[in-house]
Amino acid sequence: MDFKVLIYILLTGVFVNNYVLQRFLGICPFLGVSKKFDQASGMGIAVIFVMLCATAVTYPIQKYALEPLGLGYLQTIVFILVIAALVQFVEIILKRFIPALYKSLGVYLPLITTNCAVLGVAINNITDGFNFVQSMFSSLGVGLGFLLAMVLFAGVRSRIENCPSPKSIQGLPITLIAASIVSMAFLGFSGVIGNLLGVS
């Protein structure tokens, strides 16, 4: 297996195909938990863990259970159930070992269950034809991209709160405007990574 291809899959998941800023998946936690750096980073790390675990579990289920039995139409339902179970596992661990982070995330932690970025990466790894190793690298890249978007936007939002803005765009409107500007900045990575690694 070409290591360059794996690095390409990883980096494109972080920058080029960023699920939050380019595919607009996982917007709910992106807007809800990006007010503070510690909450944003905690949510990002939790999502990375859930994405990796979800891929590690759902890929074999798809390849060795659903497809051989002709049950591919159950993919979405099965994947959602797996992700929900993993989120409950993460919630139990955080509550037991990191109660401060558990309390700060509050209601947003169960939202990982309905985070379409987690379900999206699990399904897209199958539809893109990745093998298991490539799927894991893709999930890691997407998770790191989610963490990067959360952390960057937490910094942007902290600056917005300290700057005067017209009352008509305060709150959610200025947040969405800032998110669109950050998203446009990521368009500059298109084609760069492939050229650097010599992968198309």
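**Figure 1. Gly-129 in the loop between α6 and α7 of the predicted model**. Gly-129 is located in the loop that lies between helices α6 and α7. This glycine follows just after α6 and adopts a positive phi of about 75°. The relative accessible area of Gly-129 is 58%, so the residue is classed as exposed, the cut-off being over 50%. From Gly-129 to Ala-100 the C-alpha to C-alpha separation is 40 Å, for a sequence separation of 29 residues.

**Figure 2. Helix α6 and its surroundings**. Helix α6 comprises 12 residues, 116–127. From its first C-alpha to its last, α6 reaches 16 Å, close to the 16 Å expected at 1.5 Å a residue. Because 9 of the 12 residues of α6 are buried, this helix is largely enclosed by the rest of the structure. The buried residues are Ala-117, Val-118, Leu-119, Gly-120, Val-121, Ala-122, Ile-123, Asn-125 and Ile-126. Their packing partners are α3 (37–66), α4 (75–97) and α7 (132–161).

**Figure 3. The N-terminal cap of α6**. Asn-115 caps the N-terminal end of this helix. A side-chain oxygen of Asn-115 lies 2.9 Å from the backbone nitrogen of Ala-117. Ala-117 is itself among the buried residues of α6.

**Figure 4. The crossing of α3 and α4**. The axes of these two helices come within 9 Å and cross at roughly 145°. The crossing of α3 and α4 is right-handed. On the α3 side, the contact is made by Ala-46, Phe-49, Val-50, Cys-53, Ala-54, Val-57, Thr-58, Ile-61, Gln-62 and Leu-66. Helix α4 contributes Gln-75, Val-78, Phe-79, Val-82, Ile-83, Leu-86, Val-87, Phe-89 and Val-90. By class, the contact of α3 with α4 consists of 16 nonpolar and 3 polar residues, with no charged residues.

**Figure 5. Ser-34 between α2 and α3**. Ser-34 occupies the loop between α2 (27–32) and α3. Its relative accessible area is 0%, so Ser-34 is classed as buried, the cut-off being under 20%. The side chain of Ser-34 reaches the backbone oxygen of Phe-30 at 2.6 Å. A polar contact of 3.0 Å also links the side chain of Ser-34 to that of Arg-157. When neighbours within four places in sequence are left aside, Ser-34 is in contact with Pro-29, Ala-40, Met-150, Phe-153, Ala-154 and Arg-157.

How values were computed: Residues are numbered from 1 along each chain as its sequence is written. This is a predicted model: local features need pLDDT of at least 70, side-chain atom pairs count only at pLDDT 80 or more; totals for chains, interfaces and linings use all residues. Side-chain values use heavy atoms; hydrogens and water are left out. Helices (H or I, at least four residues) and strands (E, at least two) are DSSP runs, numbered from the N terminus. The expected span of a helix is 1.5 Å times one less than its number of residues. Buried means under 20% relative accessible area, exposed over 50%, partly exposed in between (1.4 Å probe, protein chains only). Contact means heavy atoms within 4.5 Å. A polar contact is a pair of N or O atoms within 3.5 Å; within protein, one must be able to donate a hydrogen and the other to accept it, and residues adjacent in sequence count only if both atoms are side-chain atoms. Axes are lines fitted to C-alpha atoms, for helices over the stretch in contact, and angles run from 0 to 180 degrees between N-to-C directions. A crossing is left-handed if the near helix is turned anticlockwise from the far one by less than a right angle, and right-handed if clockwise. Ala, Val, Leu, Ile, Met, Phe, Trp, Tyr, Cys and Pro count as nonpolar, Asp, Glu, Lys and Arg as charged, and the others, Gly among them, as polar.
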